[in-house]
Amino acid sequence: MKSRTLAAWLLGLMVTVSGIAHADRLDDIKEAGVLRVATFDSNPPFGFVDPATNHIVGLDVDYAKALADKLGVKLELQPTNPANRIPFLTSNKVDLVLANFTITDERAKQVDFSIPYFSSGQQFLAKKGVLKSPDQINSLRVGADKGTTNEITLREKFPQATIVAYDDTPFAFAALRAGNVQAITQDGPKLVGLLASVPDKQNYEIPPFTISNDYMGVGIPKGETRLTAFVNETLKGLEADGSAGKIYNRWFGPQTKTPLVRIFKIGDKT
Amino acid sequence: MQGWLAPRYLMWLGQGFGVTVGLALAAAVAATAAGSALAMARHARYRPVRYAAGAYVVAFRNTPLLVQLLFWYFGVATLLPEAVMQWLNTPHSVHVAGLAVHWPSFEFVAGWLGLTCYSAAFIAEEFHAGLRGVPAGQHHAAAALGLTPLQAFRYVVLPQAVRISLPPLFGQYMNLVKNSSLTMAIGLAELSYAARQVETETFQTFAAFGVATVLYIAAVAVIEAVSHVVAHRRDLSFARR
């Protein structure tokens, strides 16, 4: 163990010295034989500890595994919280971040992002058959959560809709059940979670369209162009051979507790 | 200082204030009528009527208004048939003499009903106290003068009872204005709801809630002024007799 640490340290030193000539994380990873990835450990279904095995599993973990497999190296997971994602990358503690990492301009100043591999958007929950397409929203009464961006986005995009804001999502859902509103709006994954615990869930549906989107990408240290290209190519490859669809279905497929129709595909947005 | 609220947001607050005033007025009228009926019932000759009125006051005075509002909005809505709910939740308007009169939203109806039922119990107690505040000697004196019980009530007891209960009655109207803010929980876009909405969009917390506070104070001040004018007028008209 000690000699390995020493070897790693020596390797690290060599890399740092040679790094002046060409900094390339992709080669480092291959040489080390380990891909270090930061993921969440308490954010199901993206990254959480499976109580049965005590291992971190989830959608993000599956993508991390696919990247490590493609490189032919071992995967080493580093549990993180939202605030540590960027520091882990900038301080070289990890090679990549796959932790429900929403791509924003602000973050892009500090780290690079791959193309998005997941998208979560503002969706609607309504009684079956009520809501088919976004242009119906203008004529509906829609419940929203008070003080959320969902409420603001809805008002901006559908000024004709009657918006009733409630204190929280369960209240909005109670209003939907009572018939006071015809639909409620929230982020898709949250609506699915809400619906999961409802006894008569077969009466409700989440129409497969979004009115705004957050895109999640892989966080990559700034300036690692070869690593970025590798991640992007791998993600596209996963979509092309159907693996991405399989990963999605493992966590959001019809057999899961949180079924959500897959709208976004890798490569839809770059 | 982040500057002042944009006109658009002041308009939201203005609309919210309009809803607050409309709701408080509508509830005040209905609650006063219901409250007088309840007060009469508490003095009725038949015991079951007295008990029923007493039970109503206990039930509505001793439960939180928020719970009552949630009951009318969420609870009753699930009991009503779907067709009725659909009618209540779609806009309706009637054209009266060239003016379009809109049927209010279900949030407004539920809020109005909740505030009315709640305030009616308090107003009934104020009237009840007023009626009891008239000394028994007044009843006897009226009877000795040969007035029928109804005449005695109308010309001797009622004027004195109203005089006693007017100040606390206006106090109840002030409470009504303040209590109307609880209807934001059932999604009625009144002043507090609007203030919170403006705060969410502008992050100008102080300005948003500051304007709302000033508007509430203004509404309550108007009620107080009216109460003084009414009391003064009554005193004058009694002095003239």
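This report walks through a predicted model with chains A and B.

## Ground rules

Residues are numbered from 1 along each chain as its sequence is written, and chains are lettered from A in the order in which they are written. Since this is a predicted model, local features need pLDDT of at least 70 and side-chain atom pairs count only at pLDDT 80 or more, while totals for chains, interfaces and linings use all residues.

As for scores, the model comes in at ipTM 0.75 and pTM 0.74. Chain B has a mean pLDDT of 91 (pLDDT is the predictor's confidence in each residue, from 0 to 100), and 97% of its residues reach 70 or more. A word of caution: where pLDDT is low, the predicted coordinates should not be read in detail.

## Chain A at a glance

Chain A holds ten helices and 14 strands. Both kinds of element are DSSP runs, numbered from the N terminus: helices are H or I with at least four residues, strands are E with at least two. Its C-alpha trace spans about 70 × 40 × 35 Å along the principal axes. Of its 270 residues, 40% count as buried; that takes 20 or more other C-beta atoms within 10 Å of the residue's own, with C-beta atoms placed from the backbone.

Residues are in contact here if their C-beta atoms, placed from the backbone, lie within 7 Å. Among contacts in chain A between residues at least 6 apart in sequence, 67% join residues at least 24 apart.

Strands count as paired if DSSP finds at least two bridges between them. Two bridges tie β2(A) to β3 (residues 47–49) of chain A, and A:S42 stands opposite A:F48 in β3(A).

## The nonpolar cores

A nonpolar core is a set of buried Ala, Val, Leu, Ile, Met, Phe, Trp, Tyr and Cys residues joined through C-beta atoms within 7 Å. The largest has 70 residues, and A:V97, A:L98, A:L125, A:V142 and A:I184 touch the most other members. Why does this core lie between domain 1 and domain 2 of chain A? Because both domains give residues to it.

Take A:I184 as an example: leaving aside neighbours within four places in sequence, its contacts include A:F124, A:L125, A:V142 and A:F173. There's also a second, separate core of 55 residues, with B:A121, B:F170, B:Y193 and B:V198 among them.

## Chain B at a glance

Chain B has nine helices and two strands, running α-α-α-α-β-β-α-α-α-α-α from the N terminus on. Its C-alpha atoms fill a box of roughly 70 × 45 × 40 Å along the principal axes. Buried residues make up 33% of its 241 residues. In chain B, 75% of the contacts with a separation of 6 or more are between residues 24 or more positions apart.

## Where the chains meet

Chain A brings 13 residues to the contact, and chain B brings 15. On the side of chain A that touches chain B, β10 (162–166) and α7 (169–178) of chain A each supply at least two residues. That side of chain A divides into seven nonpolar, three polar and three charged residues. Here Ala, Val, Leu, Ile, Met, Phe, Trp, Tyr, Cys and Pro count as nonpolar, Asp, Glu, Lys and Arg as charged, and the others, Gly among them, as polar.

Terms used
Buried ≥ 20, exposed ≤ 12 C-beta atoms within 10 Å, placed from the backbone. Contact = placed C-beta atoms within 7 Å. Domains from an automatic or database assignment.
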